[in-house]
Amino acid sequence: MNEILSAPYVLEYTYTRSTGPVVGRFLENLRYEVLEGVKTADGRVLCPPLEYDEEGEPTTGEFVPLRPSGTVKSWSWVQEPRKGHPFDRPFAWALIQIDGTDNAMVHAVDAGKAKRMKTGMRVRLRWADEKNGTIRDIACFEPIAPFLPGPVHLEYDVNPGKHYTAYLRGLQEGKFIGGRDPEAGKVYVPPRGADPMTGNPTSEYVEVADVGVLTTFTIIRIPFEGQKLTPPYCFGAIVLDGADTPIYHLISGVPHDDIRMGMRVKAKWKPQDEWETSLENILYFEPTGEPDAPFDSYKEHL
Amino acid sequence: MAEHCAVIGIGQTKHRESRRDLSMPGLVRDAALRALQDADMTWKDIDSIVIGTAPDMFEGVMMPELWLSDALGAAGKPIFRVHTAGSVGGSTAVVAAHLVQGGVHEKVLTLAFEKQSEANAMWALSPAIPFQPQLVAGAGGYFAPLIRSYIRRSDAHPDTGCMVAVKDRQNGLLNPNAHLHLDLTLEQVKASPMLWDPIRFSETCPSSDGAVAMVLVSDKHAGRVKNPAWVKGTSVRTERTFFAGRDQVNPAAGKLCAKDVYGEAGITNPTKEIDCAEVYVPFSWFEPMWLENLGFADEGEGWKMTMEGKTALDGEMPWNMSGGVMCTNPIGASGMLRFAEAARQVRGTAEQHQVDGAKVAVGHAYGGGSQFFAMWVVSSER
Amino acid sequence: MRDVAIVSFSQLPSVKAIEAADEPELVQPVTSDAMKQVGLTQDDIGFTCSGSTDYLPGRPFSFVAAVDGLKAWPPLRESHVEMDGAFALYEAWVRLMHGDIDTALVFSFGKSSLGPVPDVLNLQNDPYYVQPLGLDSISAAALQAQAMIDARKATERDFAEVVARNRKSAADNPNAQIKGDFSVDEMLQEPYISSPLRKSFCPPLSDSAAAIVLAAGDAAKKLVNRPAWIRGFDHRTEPHALGQRDLTTSPSTKLAAEKAGVGQGKVDVAELHAPFAHQEIILREAMGLGDGVSVNPSGGALAANSLMTAGLIRFGEAANRVLSGDADRAVAHTTNGVCLQHNLVAVLEGE
């Protein structure tokens, strides 16, 4: 029963990159199959161009056209490409010094076989068929002989830890589980690793009620990205009977004008056959109809 | 401490909703160069760099200081990265001050930035992570219930938050670097839409791109400028997000942070000995809450100071002379902007929003669920 | 400058996955153990500092929950760095220079098991030119290893010998993940992951947590017989772009080691944070560590590699050898960034 929960989790987002004058010009020109380097104050040429060189000096903004060819300075053969790699067949990563420049560019070399790769080898640039003003407008190199999308996609497998697992398992059975350090006696819902007042592990699990006091709340009237509900709706802090910390949930089943600090509320559970290891088993909290709790009885939770 | 520490250079970008004209390296460079110019220094003079920014997911570059090291002239130097949630701008400046005070380095560049336009902060703050409760409340949804608690506990005048919003926006009109320049009346603020009851639209902060930098030096180098701001005290305090009996309206960590910093600076009566304060107020109601938390007012009395106009630029205890977070909010830089404004005031370089004769000022930052705090006290006197 | 010493160290054994633990559950055992070893509780600690990164769990503000593993009442003087825990140790060391407090607790935690670490580390790369290509951390290190071979500074056999020595040393380390006798010839038969790096030339990925207690002056002497005094502590960075650096050298390590005073005395032990075998060779040369130095008696990051913690563990392992009297003078090192961009070096002494 206490097998640790686990679930896939994908972190994915496309950022909107402001590229500035130097990087922006370079990337925009790639669309037109134009390869340029930028001159540094001491007369070197950098490709890819940087706004600031390794001494921290701003580069001059003077661009020079370059031949789309260069020399491999170091390389690594990848027999089994990873998901984010530029090829799904074997290829090489390389540091490539473009002809006429003084630095090197990281890119891929489509060489077919590891045997064709050698430091010092000559390579030519292959343009991508479709271009969108990013470094991937250069498809790769092959042996010769100002906005940029920055997509991130990372696949994790996360678990909530022992205590939170116990909490979620409880919810699956329609119960609220809290944790306490037997010495301090305060009940934390959900249970955490340690009682902050003592530093001891919250080693005991206790069940608390699904009824409690609404201590404070807000009415949300603003739409925002990722929002699941349609405003307005009420969101509040509830100290369950037997708990010493609040949980947060939706408050419903009552007109917004009638929602009060100190109101007694009870969990409105989903039908039992829909229960999962989730706080979403509870649709919302609704008034019990009991008299309100006096302010003094919950003010320490505000 | 072994050494005195002085702020001799301060620079910031113009803050806007989107600085699409600047890359991230260009943004930090702009603030750093302005601070160096103010200090009459060049890159070569700097021994060490301390940088702060909010979660890396806001810009999608992991440990961006590695990539930004060229723009900051850091090759061959130490560069150090701090991250303490919303208080990061403040705690970054505290680390920089400690490097000087501890005698580790003599000339430190400290910098904080955020380029919120590269992503969407609401996304970065709330990816749908398995087992984590879904974010149903939005950014203000966490703080709105606390504000409701404050109003109930202190029986505050309901217009207090609106008064702060009007005052901070008026101050922001005097600050050319501020993101928002809004000439609002009390009636306009009161009529603005209710977003997270009791927080109205005009009582919330914007989301900005921007950076701020300072040059901190030891005694030996303070003479490079005629008006250094001396760091008289620094402090940081942290408490947990949730624990039994936690006072979220008037958090103990904030009170202790203030006590520590006043103690180090030798201040016994903040309202008498401090001339002005630049405090992290992202929702207008936090002004009265922090007035009480930081010892400028008794518990339950902070809102009266606001309503009486005492915190206005020409009042007894001006708060947020620059317009504060209510006008400018590049999250990772917001804390350092507060610290920098305090230093500008005691240097006498705050231009249109200068408090006449300011000698001692407080800078303050907080973050997380009102749980991470950082402060400093700066003075025109060593 | 004040004398500051490491007085205790605790770590969780590095394993492939610590499944039944979230951040506070990792932090609680190591912090409480490190304090207990010297008879302290959180109430005795003047400053607390941690190091971690949000990208390991893929969650913003992931460090906030770690404080839940501590006794945080009354509220703590506390800070956090988005770097390896060794840099948190550096911040704590600086904090102790202030003089008003005498002790500090430093901790870090890293669960490499949650996500695709080599791809996660691509996010450290330039977001304009390299990140979009998907340069994973193994391939980046491979470019460095090939540059070593091309410069005739090392061969693949040299890499294998570094691995064999580290993992043999790790046999005595109960906290190491991969240990024992590994044949050089057999390693050289393994297929390449990204040439010239074979599986064994790369570090394992581990979950772990670690904590260290620092104390200043007399406070340190009261807590332990033989504190591991920090005699020098420095860190330096390099230009970011791989194409702007000579990857076969580490000028930032060399400079940090000079500033920390590594060469000012005989070094008995060095714990170097070299996740890839060839990086140990680069670091040894940069610090001028000769054959007489025992390098990575713990097995180093090639035997156990919990991200954000592996660096702090180097400091703990080096300090333990000074604390126990096995070494008089030790060097501890931590790296950060792609291909050793940023390096931190300390000298620890028993007297």
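In the predicted model, 59 residues of chain A are in contact with 52 residues of chain C, contact meaning heavy atoms within 4.5 Å. Residues are numbered from 1 along each chain as its sequence is written, chains are lettered from A and ligands numbered from 1 in the order in which they are written. Because the model is predicted, local features need pLDDT of at least 70 and side-chain atom pairs count only at pLDDT 80 or more, while totals for chains, interfaces and linings use all residues; side-chain values use heavy atoms, with hydrogens and water left out.

Between chain A and chain C an area of about 4500 Å² is buried, and carbon and sulfur atoms give 58% of it; buried area is the accessible area (1.4 Å probe) that two parts lose on being put together, summed over both. One salt bridge (a side-chain nitrogen of Lys or Arg within 4 Å of a carboxyl oxygen of Asp or Glu) is found across this interface. The salt bridge joins R82(A) to D119(C), with the closest N and O atoms 2.9 Å apart. There are 16 residue pairs in polar contact between chain A and chain C, both residues at pLDDT 80 or more. A polar contact is a pair of N or O atoms within 3.5 Å; within protein, one must be able to donate a hydrogen and the other to accept it, and residues adjacent in sequence count only if both atoms are side-chain atoms. On the side of chain A that touches chain C, strand 10 of chain A supplies the largest share, seven residues; strands (E, at least two residues) and helices (H or I, at least four) are DSSP runs, numbered from the N terminus.

The contact of chain B with chain C takes 56 residues from chain B and 57 residues from chain C. About 4900 Å² is buried between these two chains, 65% of it on carbon and sulfur atoms. Two salt bridges are found across the interface of chain B and chain C, one of them between D68(C) and R240(B) at 3.3 Å, N to O. Polar contacts between chain B and chain C number 20 residue pairs, both residues at pLDDT 80 or more.

Within chain C, helix 6 (residues 156-169) has 14 residues. Its buried residues (under 20% relative accessible area, 1.4 Å probe, protein chains only) include F159(C), V162(C), V163(C) and R167(C). The buried residues of helix 6 of chain C pack against elements of chain C, among them helix 5 (137-150) and helix 10 (277-287).

How values were computed:
Expected span 1.5 Å × (residues − 1). Buried < 20%, exposed > 50% of the residue type's maximum accessible area, 1.4 Å probe, protein only.
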